[in-house]
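Q: Hi! Could you walk me through a model with me looking on?
A: Happy to, here it comes.
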Amino acid sequence: MTFQVWGWRREDASQVLAWVPDAEGGRRGMLTRRSLATKDPTAVERANLLNMAKLSIKGLIESALSFGRTLDSDYPPLQQFFVVMEHCLKHGLKVRKSFLSYNKTIWGPLELVEKLYPEAEEIGASVRDLPGLKTPLGRARAWLRLALMQKKMADYLRCLIIQRDLLSEFYEYHALMMEEEGAVIVGLLVGLNVIDANLCVKGEDLDSQVGVIDFSMYLKNEEDIGNKERNVQIAAILDQKNYVEELNRQLNSTVSSLHSRVDSLEKSNTKLIEELAIAKNNIIKLQEENHQLRSENKLILMKTQQHLEVTKVDVETELQTYKHSRQGLDEMYNEARRQLRDESQLRQDVENELAVQVSMKHEIELAMKLLEKDIHEKQDTLIGLRQQLEEVKAINIEMYQKLQGSEDGLKEKNEIIARLEEKTNKITAAMRQLEQSDNDLLTQTRTIAMSLVKCASSDTQDQYKLVKDISF
């Protein structure tokens, strides 16, 4: 694993040492500036930061899982993780000039996450509302801690590295966040979602902290490996001891429970023996009572048989009487059934006749309605003819007056009068015919009404009124 120590100036790059594993895998050698001169320094820096991030995240996850509870701010691997993330975010950061000093902080790109990820607005507002944070670097450190507690640090930074055009305002083109190493680190951060952290950001001095990476947590020698193996063996022995003690405790508790059960069984056995003696005495008493009841049962059986013979004779006598009475009842039933059949047939005939009368009544009512309609139509025609006759009479009178007033048109007027008189005679004849037909219709209507009265005896009053109305 290759890493580079930070904190020195770029001019002192000749003093930088890098640790790399040799071919055997156990020893490490020192490479001077001459062996690193062929590589791009920025690429080496990104590789070192990526390796440090891998070590930090892996160590934090393993230690947190072995720790077995929620992490707090004083946990060393967690502190080193935030230091490594701060160095990763600072790599390749552009320097912004102001009137008083140079400003180089990671709060700018982190603040940009709110615009890209709407759910990050809450964490940004919380950081800005925290009392005691005076510098942008302190706000950035608080932002990282809150994002870890929310388990969304990987999601926030993923949205950030996707927008390369926006990141170019804050980072150089060779920065870690602008290259593939940034995407790899974001992918590694997803594993931190298994960790539960409870960090107190409010009372912590985040402005004045110095971010220094402690390489001793990640560098191990043979003695440390041996100590670790011995610690593992001791832990295994202690686990076995604890298991044996727990097993012994469980066996002791089992033995004590068995003793108590034996005592209770002995007590219950004594009680059962006493109950058995009482039960035997009860059985003897019950046997005596059973013998006495059997003798009584024999006497009752003899009396019952005698009573049964007497009852059997009585039942036979009653059965003969019942047979005679049943024969008479059957005859009465047959007679009643025959009468019922006759009454049913008579009722059916009456119902059929009633249905015929009802249908006839409906037909007569329909015929009367048609006759009334015809009478009304003829009356309307008669009224129209009378009006025409009145008009003709008025015209005749007018023509007669004009005939008296004009001697020149006497002949023509005479012809017109003759035609009008002829027309008047025709109309008068038609009126007489209509009056005759009207009288005939009235006569027919009266005849039908009288026949209706004769056909049906019910509803006499209503039919009388109907006949009276038709006659009128």
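A: What follows is a short chat about helix packing and nonpolar cores.

Q: Before we start, what sort of model is it?
A: This is a predicted model, where local features need pLDDT of at least 70, side-chain atom pairs count only at pLDDT 80 or more, and totals for chains, interfaces and linings use all residues. Residues are numbered from 1 along each chain as its sequence is written, and side-chain values use heavy atoms, leaving out hydrogens and water.

Q: How many helices and strands are there?
A: The protein chain has 12 helices and four strands, taken as DSSP runs (H or I, at least four residues, for helices; E, at least two, for strands) numbered from the N terminus.

Q: New topic: how many residues are in the largest nonpolar core?
A: That core has 62 residues, and Leu78, Phe81, Trp143, Tyr171, Leu189 and Leu192 have the most contacts inside it. A core is a set of buried (under 20% relative accessible area, 1.4 Å probe, protein chains only) Ala, Val, Leu, Ile, Met, Phe, Trp, Tyr and Cys residues joined through side-chain atoms within 4.5 Å.

Q: And what does Leu189 touch?
A: Not counting residues up to four places away in sequence, Leu189 touches Ile57, Phe81, Met85, Met153, Ala154 and Leu157.

Q: What share of the chain is buried?
A: Of its 472 residues, 25% count as buried.

Note on methods: Buried < 20%, exposed > 50% of the residue type's maximum accessible area, 1.4 Å probe, protein only. Contact = heavy atoms within 4.5 Å.
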